[in-house]
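Subject: Handover of a structure and the findings from it

Dear colleague,

Please find the structure below, followed by an account of what was found in it. I would be grateful if you would read the account with the structure open beside you.

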Amino acid sequence: DWNNCSAAGIQEVNSTHEVELYPNPSDGSFRVRLPSGVNGGVSIAVYNVVGMKIFDGSFDGIADPEVGAANMVPGSYMVAVKYNGQAHYKRLTIIR
């Protein structure tokens, strides 16, 4: 059945259940959009390309937590978002 498949043959996933970083790319701070119903017990860590943790924070009761990126040099980063015993990883690009 081709109705639920993309051109690559991979079924698309409803994006309302995913973690999203915005704006991405970012030139300063960025926000983490969490799936609906998640608003407490969230930890966010940011890693540089060599795996060094450069940010680590916990957020409770904030729907779209904001992370300051003013001290990050331009490049790619990995953002780990953990809640409800699950970890989600997203790539972030910093530009200036």
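A residue is called buried when its relative accessible area is under 20%, exposed when over 50%, and partly exposed in between, using a 1.4 Å probe and counting protein chains only. The model is predicted, and local features need pLDDT of at least 70, side-chain atom pairs count only at pLDDT 80 or more, while totals for chains, interfaces and linings use all residues. Residues are numbered from 1 along each chain as its sequence is written, and side-chain values use heavy atoms, with hydrogens and water left out.

The sheet

Strands (E, at least two residues) are DSSP runs, numbered from the N terminus, and two strands pair if DSSP finds at least two bridges between them. An open sheet contains 4 strands, with antiparallel pairing and the order E4-E3-E6-E7. Strand E4 (53–59) and strand E7 (86–94) each have a single partner strand and stand at the edges, so one side of each has no neighbour in the sheet. From one strand to the next, the twist averages 20°; the axes behind such angles are lines fitted to C-alpha atoms, and the angles run from 0 to 180 degrees between N-to-C directions. Strand E3 (residues 42–47) and strand E6 (residues 75–83) run antiparallel and are joined by 5 bridges. Opposite Ile44 stands Val81 in E6.

The salt bridges

A salt bridge is a side-chain nitrogen of Lys or Arg within 4 Å of a carboxyl oxygen of Asp or Glu. By this rule, there are 5 salt bridges.

One of them joins the side chains of Glu18 and Lys90, at 3.4 Å from N to O. Glu18 lies in the segment before strand E1 (20–22) and Lys90 in strand E7, so this pair ties together parts that are 72 residues apart in sequence. Glu18 is partly exposed, at a relative accessible area of 33%, and Lys90 also counts as partly exposed, at 25%.

Another links Arg33 with Glu20, whose closest N and O atoms are 3.1 Å apart. Arg33 lies in strand E2 and Glu20 in strand E1, so the pair ties together parts that are 13 residues apart in sequence. Both residues are partly exposed, Arg33 at 32% and Glu20 at 36% relative accessibility.

Lys53 and Asp56 form a further salt bridge through their side chains, at 3.5 Å from N to O. Lys53 is partly exposed, with a relative accessible area of 42%, whereas Asp56 is exposed, at 53%.

The surroundings of Arg33

Which residues does Arg33 touch, leaving aside those up to four places away in sequence? They are Glu18, Val19, Glu20, Tyr22 and Asp64, where contact means heavy atoms within 4.5 Å. Arg33 and Glu66 are 33 residues apart in sequence, and their C-alpha atoms are 9.3 Å apart in space.

A nonpolar patch

Val49, Val50, Met52 and Ile54 make a nonpolar surface patch of about 420 Å². Patches consist of residues with over 30% relative accessible area and no salt bridge, with like charges joined within 9 Å and nonpolar side chains (Val, Leu, Ile, Met, Phe, Trp, Tyr) within 5 Å. Accessible areas come from the Shrake-Rupley method with a 1.4 Å probe; for residues, only the protein chains shown count as cover. Val50 is in the loop between E3 and E4 and counts as exposed, at 69% relative accessibility.

Yours sincerely
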